[in-house]
Amino acid sequence: ENGVRQAFSNDVLERYSRQMLLLRFGVEGQKRLSQKSVLVIGAGGLGCPAAMYLASAGVGRLGLLDRGDSVDRSNLHRQIGHTDASVGADKCLSLRDSLMRINPGSSICTLSTGITAKFALQLILPFDIVLDCTDNVESRYIISDACAALRKPLVSGSAIGFEGQLSVYCDSEESPCYRCIFPSPPPPDCVGSCDTAGVLGPVPGVIGTMQAVEALKLAAEIEGAEVCSRRMVLYDGLSCETRVIRLRSRSKTCRACGNPEDSSQRIVNPAEFDYGSFTLAGSCATPQSTDQ
Amino acid sequence: ENGVRQAFSNDVLERYSRQMLLLRFGVEGQKRLSQKSVLVIGAGGLGCPAAMYLASAGVGRLGLLDRGDSVDRSNLHRQIGHTDASVGADKCLSLRDSLMRINPGSSICTLSTGITAKFALQLILPFDIVLDCTDNVESRYIISDACAALRKPLVSGSAIGFEGQLSVYCDSEESPCYRCIFPSPPPPDCVGSCDTAGVLGPVPGVIGTMQAVEALKLAAEIEGAEVCSRRMVLYDGLSCETRVIRLRSRSKTCRACGNPEDSSQRIVNPAEFDYGSFTLAGSCATPQSTDQ
Amino acid sequence: MTSVVLEFSGGLELLVDGKKRLEQEVPDKLTLGGLIGWIRSNLIKERHELFSQGQRIRPGVLVLINDVDWELEGKETYNLSSGDCISFISTLHGG
Amino acid sequence: MTSVVLEFSGGLELLVDGKKRLEQEVPDKLTLGGLIGWIRSNLIKERHELFSQGQRIRPGVLVLINDVDWELEGKETYNLSSGDCISFISTLHGG
Ligand SMILES: [Zn+2]
Ligand SMILES: [Zn+2]
């Protein structure tokens, strides 16, 4: 009891009491959580609820990284971390304001440069856990390759229309990275976006909130928790069907996290890989590579 | 195109454009949504995200009903519609403020009396769709009995610890009500609460956000949508497992929505039913009734 | 003996050492009511009333036979077969 | 003919008239690669390249054989059996 009071102020004890009550979480879980840092990449439909629940729960340090977009009114039907008054403002700063309103003690750093291949390792290195809340194929490969190189656990979410998907990569020796599962990129004309195909607001909300659950299990090292690695959650909001599918393990020949036969194929640092050509090469008009 | 511009202002067109882009939603779905009213009962861990996504999406009229609690700091780790500055304020008003920040055009009425048997029919009658975001057995029976009497679709969510459940009741002739599935209440000492057993913040978040998805399908009458009736979503955040189980249909002898053999057993109006004795009668020390 | 899978969730797993899924040998020719009584006597160490009163499951617990609501399968009278998966799900009320 | 269940999601259902689940008779003794070619020729009316190049599924599509990643089951060489459920899931990238 004395130890608890020494570690936490009364405000903190009260704020986090309902999760510290959980037997598997407890005071020790809260301590671990308060010492961890989480990077949320993308301040949109996935990143808003994910960051809101992580800041509320008392993650030690939260990083928000977005590509410098400003809040657009068309974001507001799903990006509940922004307000009408913040239309036109920088998304990272707008989301940070919302998080600070909920939990003024949060430690939040923001960067509006987006994730780039050149700086991916530097950007990710200072964090313990990474959330991919982005909306494009190129970012997903850059983030995964960097997490694979640094062996940082990556909680990846995506959503469009009425559907969402969630998976955790690189969280253990056996866990695959995104590239293990998707060695070749999809053809660019097969990729939809929420801005062109539309999305029902709470669908990315469900996935972003599940990303927060997975990140909290990793950060607080919750006893008996199983994160969603080598698995993928599929949520279809239209039919209200969910399933969890089993995925392959880490690939020994993965270019990012394994040892390809031709060692020059190994991606050691995303800065040295041409993501533009890679994702364009998936074009439907081009013969496919043989690894998918 | 002209018709669209006549029906909606530019602000509205922009705000809801990403859901109107959805083929099954479209302009007509947005119109239907803007003409519907939804009552969210409970402004806590489930009600906060549910109301935030419903207000953001442009539901015509939103009712917030809570039992007059004020915001406590221990709510803030999961109730993301409240802010640190609102600690001590009325929960309905605090949540309304957050919704108005997101969508200043929202039409929101609040009532801090809680749901009571005496006024259940009057409270629910003016709304098209009801969300049960409460945290106790008695409220769940009162709300369901009233929705059964009025044949109002009821989107019911619950969560505790690392687990959550979701189901839709009374949305069609074949749909059961809560009492069809649970004719007898659980013993009071078998019922946990988030305040005594604890809860991981984003777990009710996942369920509350799914409740918003179900309510939007009902309100916008989305073509081809299947709501979660005669089914229940189970989410276990600790293991990241989800499943959707099939439940029985409406019971012909249900006291709330059917015709019990002894017609005096029929609950026509919750005001005439003694919920206190009913939920206490479930005590483990008492012989069970024969209907479960 | 008959081999079945037993699943416990919604807090019921706390009655069986936190185990959410058990592969279990049970006596032959049990009905589901008989299985409930057998679990109460053999797997549950304390607070038995949180699970059942004899062969009657306590209110507030959903029972599934191979993922289907037992209400559709005869409830306590259902005859267990080898390989059956029986789920006991306590409903939640928090929020 | 062999009877299988085909599932399409993540947008692939749009290639087959919006159907997410199809019970389908297919020729006997197909491999999974053969099935992919058969679907491309028989079920898909336009934009075939969004599904496959011949018997090769397009990148970005997860294939499951009875709920298991096909990578664990021999991929295109897997021999279809009656009753198999084959799922084609396009991964999503939006957020
Ligand atoms: Zn890899
Ligand atoms: Zn009923």
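A residue is called buried when its relative accessible area is under 20%, exposed when it is over 50%, and partly exposed in between. Glu241(B), at 28% relative accessibility, therefore counts as partly exposed. The model described here is predicted.

**Helix H8 of chain A**

- Helix H8(A) covers residues 137–150 and spans 20 Å from its first C-alpha to its last, close to the 20 Å expected.
- Eleven of the 14 residues of H8(A) are buried, so the rest of the structure largely encloses this helix.
- Among the buried residues are Arg140(A), Tyr141(A) and Asp145(A).
- The elements of chain A that the buried residues pack against include strands E1, E4 and E5.
- At the start of the helix, a side-chain oxygen of Asn136(A) comes within 3.4 Å of the backbone nitrogen of Glu138(A).
- Just after the helix, Arg151(A) adopts a positive phi of about 50°.

**Salt bridges between chains**

- Arg231(A) forms a salt bridge with Glu241(B), with the closest N and O atoms 2.9 Å apart.
- Arg231(A) belongs to strand E7 of chain A and Glu241(B) to strand E8 of chain B, so this pair joins two chains.
- Arg231(A) is buried, with a relative accessible area of 5%.
- Arg243(B) forms a salt bridge with Glu7(C), the closest N and O atoms lying 2.8 Å apart.

**A salt bridge within a helix**

- Glu28(B) and Lys31(B) form a salt bridge, their closest N and O atoms being 3.7 Å apart.
- These two residues are three apart in helix H4 of chain B, and are therefore separated by about one helical turn.

Note on methods
Residues are numbered from 1 along each chain as its sequence is written. Chains are lettered from A and ligands numbered from 1 in the order in which they are written. This is a predicted model: local features need pLDDT of at least 70, side-chain atom pairs count only at pLDDT 80 or more; totals for chains, interfaces and linings use all residues. Side-chain values use heavy atoms; hydrogens and water are left out. Helices (H or I, at least four residues) and strands (E, at least two) are DSSP runs, numbered from the N terminus. The expected span of a helix is 1.5 Å times one less than its number of residues. Buried means under 20% relative accessible area, exposed over 50%, partly exposed in between (1.4 Å probe, protein chains only). Contact means heavy atoms within 4.5 Å. A polar contact is a pair of N or O atoms within 3.5 Å; within protein, one must be able to donate a hydrogen and the other to accept it, and residues adjacent in sequence count only if both atoms are side-chain atoms. A salt bridge is a side-chain nitrogen of Lys or Arg within 4 Å of a carboxyl oxygen of Asp or Glu.
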